[in-house]
Amino acid sequence: MTRVRFAPSPTGYLHIGGVRTALFYWLWARKTGGVFVLRIEDTDQERSTEESVRVIFDSLRWLGLTWDEGPEVGGPNGPYTQMERLAIYQSTAERLIQERKAYRCFCTKEELEAQRGALKARDPKATFKYPGTCRDRRDEPDRPFVVRFVAPDAGVVRYVDKVFGEVTTPNSAQQDFVLLRSDGVPLYNFGAVVDDASMGITLVARGRDHMVNTPPQILLYEALGAPLPEFAHLPMMLAPSGEKLSKRHGAVSVGEYREQGYAPHAVLNYLARFGWSHGDQEVFSLDQLVAAFDWDQCNRSDGKFDAKKFLAINYEHLKTERLTGDAAYAAGTLPFARARGLDVDAARLQPALPLIRERATTFADAADRLDFVFRDPPRFDEAAASKFLVPASVGALRDLSDVVEQATPFTAVAIDAAVHAWLDARGLAIKDVAQPARVALTGRTASPGLFEVIEALGRERAVARLRAAAANAAVRS
């Protein structure tokens with residue numbers, strides 16, 4: 001059975017690059033009927049926080065990437081937080097020591113710095129490798145020590161990456177790397193391998209910047225006698241400048257996109273297409289992604305983050321009802337509407353959605369565009385009011401209010417017909433009244449269709465707004 005794991009470090013926000021990895025894992029688990037495991041790698045105690053752990057949980061759940069094993073869910077391979085697994089790492093390291101595959105290293109920081117300095121003096125361009133000073137050292141058991149791996153200096157590590165193909169690394173490039181610090185906390189490679197082996201992980205996927213970690217991890221799997229998982233390294237997510245994408249380039253955390261009003265499945269859609277392709281298709285439902293995903297279609301080339309394309313994908317998800325149904329759309333928009341001070345619930349929001357489905361790019365944008373529907377009186381753009389709500393428009397606004405009041409049935413189609421009949425009788429065109437009416441009804445010069453706006457407001461409110469605007473226009477100088 002496929003078993004994959006997402007193992008973030010709780011040291012800050014959840015980066016969208018990490019979410020892409022989680023998504024690929026999740027898609028593969030769902031496609032193959034496998035298990036998606038969440039593990040928290042919190043060994044960086046100076047930076048790890050409970051708040052960051054909560055951000056990880058909340059972000060994954062908001063995206064719909066629920067886990068089958070892990071914190072708050074449980075499972076047969078716990079605990080799923082590394083600082084709760086220290087005894088496992090220590091016993092595994094002791095086993096490797098007894099098998100002469102690892103050893104205690106008593107070298108102090110000062111001794112290592114002296115060795116680096118001596119090497120630099122001999123050859124300024126040389127890269128320091130720990131020379132195995134303590135491999136046979138057994139005489140100082142009371143001194144602080146780290147545990148180092150006995151790395152082979154001959155042969156190669158060879159594996160077939162599911163994205164990059166065959167990768168070969170000479171063992172001469174390795175050194176006796178540290179497994180456990182003196183405080184018993186594992187370094188990344190050791191903790192990850194011990195956990196992946198004990199949790200039965202069958203595939204390890206991550207950014208290609210982690211390819212340097214794969215050979216020493218394979219050596220560890222072999223030393224432990226554990227089955228080797230498959231590996232898949234993914235292209236990097238870069239900033240438009242070509243640098244590694246970071247916070248200084250803009251929004252990079254899941255939370256920021258949630259706060260900006262992006263739809264969760266649109267976020268997943270964009271991240272899926274970043275480093276993976278399926279013909280020319282750009283927009284996917286989550287079910288379509290599960291059905292289509294395959295490692296063979298992952299790209300090798302790094303890609304540059306495109307905020308405009310991201311927003312365009314989000315727009316397509318909001319515009320398309322099969323991707324974002326009315327109930328989900330209303331639920332997504334509701335927090336932003338309430339943040340604007342609107343007293344509204346999802347049941348009132350939902351009927352108004354057709355007004356903005358073809359226009360809104362985010363849930364926040366939708367709330368802004370629907371503001372006039374739920375706010376009495378609407379907020380007026382003063383420049384628009386000064387331009388269009390003037391004494392010259394008073395008569396047209398009053399007459400229009402009479403037409404609207406008498407329209408039957410009160411639908412956009414019937415209102416359209418009644419207004420055009422009135423315009424024809426007066427020898428006017430819709431442009432002669434549309435902008436004053438639009439500003440009177442919505443407070444803005446840009447809005448959904450005029451007759452759809454009138455229908456959405458209802459007879460009483462629409463007539464009241466037109467007449468109030470006419471009264472205000474009459475007294476403008």
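1. Strands here are DSSP E runs of at least two residues, and helices are H or I runs of at least four, numbered from the N terminus. Please keep in mind that this is a predicted model, where local features need pLDDT of at least 70, side-chain atom pairs count only at pLDDT 80 or more, and totals for chains, interfaces and linings use all residues. Residues are numbered from 1 along each chain as its sequence is written, and side-chain values use heavy atoms, with hydrogens and water left out.

2. Strand 8 and strand 9 run parallel and are joined by five bridges; pairing asks for at least two DSSP bridges. Ala205 stands opposite Ala232 in strand 9.

3. Now to the aromatic rings: the structure holds 19 aromatic pairs (Phe, Tyr or six-membered Trp rings with centres within 6.5 Å; planes under 30 degrees apart are stacked, over 60 edge-to-face, the rest tilted). Tyr257 and Tyr262 form an edge-to-face pair, 5.0 Å centre to centre with 85° between the planes, and both are buried.

4. The ring centres of Trp276 and Phe284 lie 5.6 Å apart with the planes at 55°, so this pair is tilted. Trp276 and Phe284 are buried. Ring pairs also link them into a cluster with Phe24, Trp28, Phe293 and Trp295.

Definitions and conventions: Buried means under 20% relative accessible area, exposed over 50%, partly exposed in between (1.4 Å probe, protein chains only).
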